[in-house]
Amino acid sequence: TTSPSQMLPTIVSRCRHARFRPVSAVQAERALIAGGAPEARARLVAAASGGSIGRALEQLQDEGYWAARDRVIQSLKALKAPWMVAEAAAKLAQDKEGAPQTLEILESLARDMIRVENALQPEQREFDPKDLALDGEALLVGVLKARQKLNANVSWQTVLEMMYFDGLRGSIPWQQ
């Protein structure tokens, strides 16, 4: 099953778990293109899927995912300085139900930023990490902390603002 959480615990406890290694982004991209996906979108979704071709196929077909991804990128671009945190976070905070997907998108973008920042990915198609006030590592750590805070019932708006402030630490004068 792809949804063990939907099964009864008594059944899950008696099952053997088979984990499959993720495929590389290049392999996922090739598989998606071979299946008829447009090259540019296949490249983006292959990187965002975490090595799961099934997940990549779902994202490829889900226009809601692409709209959410655009909102996340616009929010990151709007974040230029500490006094812009509330406004940039508000663009994403309106959709509390979409928090898990937003964090997944932020994590994917953070990993892409890290690859670009370390010259492991020569091209960035949607934005240049140098144009953002956050660096990839700060954003990735922020996403991990954000998940913990959400599990501790911290509000989604507060979680986003804290993540953005943490990512901007180097630009706040009293913390340099």
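Student: Where is Met-7 found?

Tutor: Met-7 sits in the segment before helix H1 (9-12); helices here are DSSP runs of H or I with at least four residues, numbered from the N terminus. Bear in mind that this is a predicted model, where local features need pLDDT of at least 70 and side-chain atom pairs count only at pLDDT 80 or more, while totals for chains, interfaces and linings use all residues. Residues are numbered from 1 along each chain as its sequence is written, and side-chain values use heavy atoms, with hydrogens and water left out.

Student: Is Met-7 buried or partly exposed?

Tutor: Buried means under 20% relative accessible area, exposed over 50%, and partly exposed in between (1.4 Å probe, protein chains only). Met-7 has 32%, so Met-7 is partly exposed. Together with Leu-8 and Ile-11, Met-7 forms a nonpolar patch on the surface, with about 260 Å² of accessible area.

Student: How many salt bridges are there?

Tutor: A salt bridge is a side-chain nitrogen of Lys or Arg within 4 Å of a carboxyl oxygen of Asp or Glu. The count comes to six. One of them joins Glu-29 and Arg-43, at 3.4 Å from N to O. Glu-29 lies in helix H2 (residues 25-34) and Arg-43 in helix H3 (residues 39-48), so the pair ties together parts 14 residues apart in sequence.

Student: And which residue does Arg-111 pair with in a salt bridge?

Tutor: Glu-107, at 2.7 Å from N to O. Both lie in helix H7 (residues 99-117), four residues apart, about one turn of the helix.

Notes
Patch = residues over 30% accessible without salt bridge, like charges linked within 9 Å, V, L, I, M, F, W, Y side chains within 5 Å. Areas by Shrake-Rupley, 256 points an atom, 1.4 Å probe, with all protein chains shown as cover. Helix = DSSP H or I, 4+ residues; strand = E, 2+ residues; numbered from the N terminus.
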